[in-house]
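Take a look at the model below.

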Protein chains: 4
Amino acid sequence: MQNKYEHIKQEAYEANMQLPNLGLVLFTFGNVSAADRNLGVFAIKPSGVPYEDLTPAKMVIVDFDSNLVEGSLRPSSDTKTHAVLYKHWDNINGIAHTHSTYATAWSQAQRDIPIFGTTHADHNTVDIPCAPPMSDEMIQGNYEYETGFQVMNCFKEKGLSYEEVEMILVGNHAPFTWGKTAAKAVYNSAVLENIAHMAYLTLSINADAERLKDALIKKHYERKHGPGSYYGQQ
Amino acid sequence: MQNKYEHIKQEAYEANMQLPNLGLVLFTFGNVSAADRNLGVFAIKPSGVPYEDLTPAKMVIVDFDSNLVEGSLRPSSDTKTHAVLYKHWDNINGIAHTHSTYATAWSQAQRDIPIFGTTHADHNTVDIPCAPPMSDEMIQGNYEYETGFQVMNCFKEKGLSYEEVEMILVGNHAPFTWGKTAAKAVYNSAVLENIAHMAYLTLSINADAERLKDALIKKHYERKHGPGSYYGQQ
Amino acid sequence: MQNKYEHIKQEAYEANMQLPNLGLVLFTFGNVSAADRNLGVFAIKPSGVPYEDLTPAKMVIVDFDSNLVEGSLRPSSDTKTHAVLYKHWDNINGIAHTHSTYATAWSQAQRDIPIFGTTHADHNTVDIPCAPPMSDEMIQGNYEYETGFQVMNCFKEKGLSYEEVEMILVGNHAPFTWGKTAAKAVYNSAVLENIAHMAYLTLSINADAERLKDALIKKHYERKHGPGSYYGQQ
Amino acid sequence: MQNKYEHIKQEAYEANMQLPNLGLVLFTFGNVSAADRNLGVFAIKPSGVPYEDLTPAKMVIVDFDSNLVEGSLRPSSDTKTHAVLYKHWDNINGIAHTHSTYATAWSQAQRDIPIFGTTHADHNTVDIPCAPPMSDEMIQGNYEYETGFQVMNCFKEKGLSYEEVEMILVGNHAPFTWGKTAAKAVYNSAVLENIAHMAYLTLSINADAERLKDALIKKHYERKHGPGSYYGQQ
């Protein structure tokens with residue numbers, strides 16, 4: 001008899017395996033989850049298991065209140081952050097977390113990544129936000145759970161939509177990305193790393209580099225995402 | 001019966017596949033075309049199709065006025081830029097566009113790449129030009145079509161010949177390169193990325209680094225491209 | 001009849017072979033050892049032998065006073081440093097030494113690596129210490145032996161525990177790392193290189209980047225290493 | 001009947017093939033030669049031939065006065081520089097030239113590479129010299145021939161021995177390295193690139209980083225190269 005969570009285990013497994021392939025993780029420093037909204041659960045990487053030892057069957061099933069539903073292994077230590085985001089953001093079905101080199105450096109520098117070019121604008125119309133480090137109370141309390149709120153609060157304060165901006169830096173920590181699928185969340189992690197790398201170089205070449213002009217931001221985003229978009233095969 | 005565009009489809013396919021091999025693209029962020037001047041058309045990558053799924057048959061045939069001639073897939077979103085350049089620059093048969101990391105960083109920094117050494121001089125006698133970002137009118141209008149004119153106008157204003165300088169940076173965007181063949185255009189993209197990387201490092205080591213002296217510029221270019229050239233086999 | 005050192009030869013061999021796989025060495029610029037406390041010896045890489053020519057049988061057995069116990073090849077030129085550390089630090093069974101690019105650059109810059117983020121805090125609660133270059137007397141005397149004391153003295157002066165901080169930079173030289181096993185020592189070398197890379201980028205992006213706040217340092221370290229740790233599979 | 005140059009063709013072929021394996025060349029931007037002092041000739045890479053198309057038989061045989069001795073292909077455009085160095089420096093049998101990224105950046109910055117650490121001191125006791133760009137007369141005359149003299153003059157002026165320092169940067173151009181064999185020359189190219197990379201990072205981390213102290217320079221060089229050396233297997 002087939003396990004009813006098999007599809008999200010498979011999806012989460014494949015998305016997790018993309019992280020080392022895309023050069024986004026060292027050892028086990030990353031995790032991806034895939035949610036099924038109808039079942040109200042998500043499949044996530046087990047904690048501390050090397051990617052070469054992963055199998056779909058090892059994925060852990062957790063509900064949106066962080067309760068373990070199925071699985072013999074302990075889920076990723078960041079599981080509660082995933083749960084909080086799934087619970088409050090209805091239209092995402094995948095979340096990825098990495099410590100990828102350049103995006104993490106921007107997180108550590110506590111700087112938003114300025115929108116310097118069309119590679120950035122193809123995916124976002126705003127600077128990549130960097131949430132401030134959490135208060136001591138939040139850290140000492142339910143840390144990973146609060147990390148989810150830190151992410152959401154940052155979006156609220158900046159007036160951002162999680163459906164338009166699918167990535168964030170958590171100050172002193174590292175990036176989180178999400179999307180309609182786990183694969184899209186991983187795609188966003190790779191794009192963010194690329195944007196972070198190029199923005200770093202841009203400032204090194206020209207410390208006074210200017211943000212992209214509004215018309216160009218709008219144009220590039222709309223040709224990929226607007227109603228009259230003409231990038232890709234419909 | 002053989003398709004009459006098969007040779008340029010094959011050429012465009014092979015040249016596109018070089019982009020990931022040379023480390024010049026992430027996902028689908030790049031495209032190459034190959035033209036046949038007699039037929040008045042070019043073959044170009046379909047939009048948003050991953051490189052691993054490409055085949056020669058998937059290449060799209062377009063004429064120099066951007067009309068779709070053959071193909072079931074939508075052509076690259078940058079197709080009109082290619083068409084404009086083929087239409088106005090008679091002696092090129094290949095064009096490549098990438099968002100390669102270092103060249104794109106210089107584009108975002110809106111800086112010409114200074115000619116610092118013989119690697120650069122082996123291919124060009126001038127700084128790699130960076131075209132300014134387009135006017136809002138050009139952006140809001142026929143954007144990709146106007147990008148072609150932005151490239152050509154930059155060459156006109158600087159008095160450059162597209163037959164001698166086969167590469168440009170478009171400000172806030174990324175590089176375009178071209179050549180007698182699609183393979184040469186891709187070769188130029190890789191050379192440009194290498195030059196961009198080394199120029200960035202040069203300025204980091206010595207902020208006052210001087211441009212190459214004229215005698216050395218002339219010597220290196222001529223030994224590879226002059227009438228008495230002695231680089232390569234004949 | 002089985003060689004009584006076979007297990008540490010195998011362990012040292014496998015750990016050494018991880019260095020090139022993890023991109024931590026050029027040519028032969030690195031070495032790993034594995035100790036057996038009951039036998040009072042360690043197995044170490046032979047000096048100057050390329051990794052592709054290594055076999056478990058080529059590992060050299062040395063005691064904690066640097067006496068050659070078994071092996072037809074000359075041991076690593078850094079052997080005495082390993083011996084001193086094993087002799088004085090009872091709870092380590094593996095040591096790794098590399099000239100990995102970013103960690104070595106911090107050594108050459110003679111700078112402690114500031115704790116800028118949670119990747120660092122997951123492994124250490126303090127800045128990665130950089131021991132000052134040795135006195136001329138120590139260098140001209142028993143150099144590699146004294147290097148071991150330079151490492152230990154630095155820990156003493158800074159009040160650090162070698163069981164909590166498993167890595168150090170030796171000024172003008174390069175990093176040493178250690179752990180309960182040779183594999184853990186190599187793991188620490190890779191983590192250190194990653195931390196060194198990200199700290200370098202962090203300072204390049206924001207020269208005034210602040211160290212991680214205390215609550216976050218404590219939280220991240222404890223979730224991985226404290227009594228109530230919840231990272232990994234118990 | 002065996003070709004009497006077969007051994008140096010094979011040696012030059014294998015050494016040339018190491019350049020792409022070690023990540024030191026893009027396309028054909030590099031060349032290695034192997035000399036036979038008894039025969040008074042050297043084998044060198046043909047000009048502009050991609051590494052994947054190289055075979056031992058394609059190597060070109062040239063004497064120390066740059067005369068073509070055997071081979072159907074045109075030799076590397078840098079052949080005269082090799083010939084001059086073989087003619088005047090009796091104890092070298094291999095020369096390598098690359099445009100490797102970091103070493104070339106230092107050449108373009110026209111800066112000697114300061115001796116910052118023991119990786120450097122293991123191979124050299126001095127800063128890696130950067131020869132100034134040549135005079136216009138030298139460039140317009142017999143350019144590649146004069147490049148050899150530019151290298152030798154720089155060593156003369158700085159009082160360096162080519163047997164102790166086996167590498168140089170040519171200002172605005174790129175590095176040359178040499179050694180007792182072609183393989184050693186290539187080894188030196190890789191070491192130089194590594195040193196150049198780490199020195200660049202060192203200065204980025206600490207603009208006031210100090211050169212290695214004399215005692216440490218002496219110690220590291222002597223343990224690898226002095227009469228009482230103890231690195232490697234005798």
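## Terms and numbering

Buried means under 20% relative accessible area, exposed means over 50%, and partly exposed lies in between, with a 1.4 Å probe and protein chains only. By that scale D:Glu70 is partly exposed, at 25% relative accessibility.

This is a predicted model, in which local features need pLDDT of at least 70 and side-chain atom pairs count only at pLDDT 80 or more, while totals for chains, interfaces and linings use all residues. Residues are numbered from 1 along each chain as its sequence is written, chains are lettered from A and ligands numbered from 1 in the order in which they are written, and side-chain values use heavy atoms, with hydrogens and water left out.

## Symmetry

Two copies of a chain are related by a rotation about an axis and a shift along it.

Contact means heavy atoms within 4.5 Å.

## Where chain A meets chain B

How many residues does each chain give to the contact? Chain A gives 36 residues and chain B gives 33 residues. The two chains bury about 3,100 Å² between them, 56% of it on carbon and sulfur atoms. Buried area is the accessible area (1.4 Å probe) that two parts lose on being put together, summed over both. On the side of chain A, A:Ile205, A:Tyr231 and A:Gln233 supply 20% of the area buried against chain B, more than any other three residues.

The rule finds three salt bridges across this interface. A salt bridge is a side-chain nitrogen of Lys or Arg within 4 Å of a carboxyl oxygen of Asp or Glu. A:Arg223 pairs with B:Glu144 in a salt bridge, with the closest N and O atoms 2.5 Å apart.

Which elements of chain A give two or more residues to the side that touches chain B? They are helix 4 (118-121), helix 7 (182-205) and helix 8 (214-225). Helix 7 of chain A gives the most, with 12 residues. Helices (H or I, at least four residues) and strands (E, at least two) are DSSP runs, numbered from the N terminus.

## Salt bridges

Side chains of opposite charge can pair when their charged atoms come close. The structure holds 32 salt bridges over all chains. One of them joins A:Lys158 to A:Asp112, with the closest N and O atoms 3.1 Å apart. This pair links distant parts of the chain, 46 residues apart. A:Lys158 is in helix 6 (residues 143-158), and A:Asp112 is in the loop between helix 3 (101-109) and helix 4 of chain A.

In chain D, D:Lys9 and D:Glu70 meet at 2.6 Å, N to O, in a salt bridge. D:Lys9 lies in helix 1 (residues 6-21) and D:Glu70 in strand 4 (residues 68-70) of chain D, so the pair ties together parts 61 residues apart in sequence. D:Lys9 counts as buried, at 9% relative accessibility. A network of salt bridges also links A:Asp78, A:Glu144 and C:Arg223.

## Helix 3

Is helix 3 (residues 101-109) of chain C mostly covered or mostly open? Helix 3 of chain C is mostly covered, with nine of its nine residues buried. C:Trp106 and C:Tyr102 are among them. After this helix comes C:Gln110, whose phi is positive, near 55 degrees.

In chain A, A:Thr101 lies in helix 3. A:Thr101 counts as buried, at 18% relative accessibility. Not counting residues up to four places away in sequence, A:Thr101 touches A:Glu193, C:Asn194, C:His197, C:Met198 and C:Leu201.
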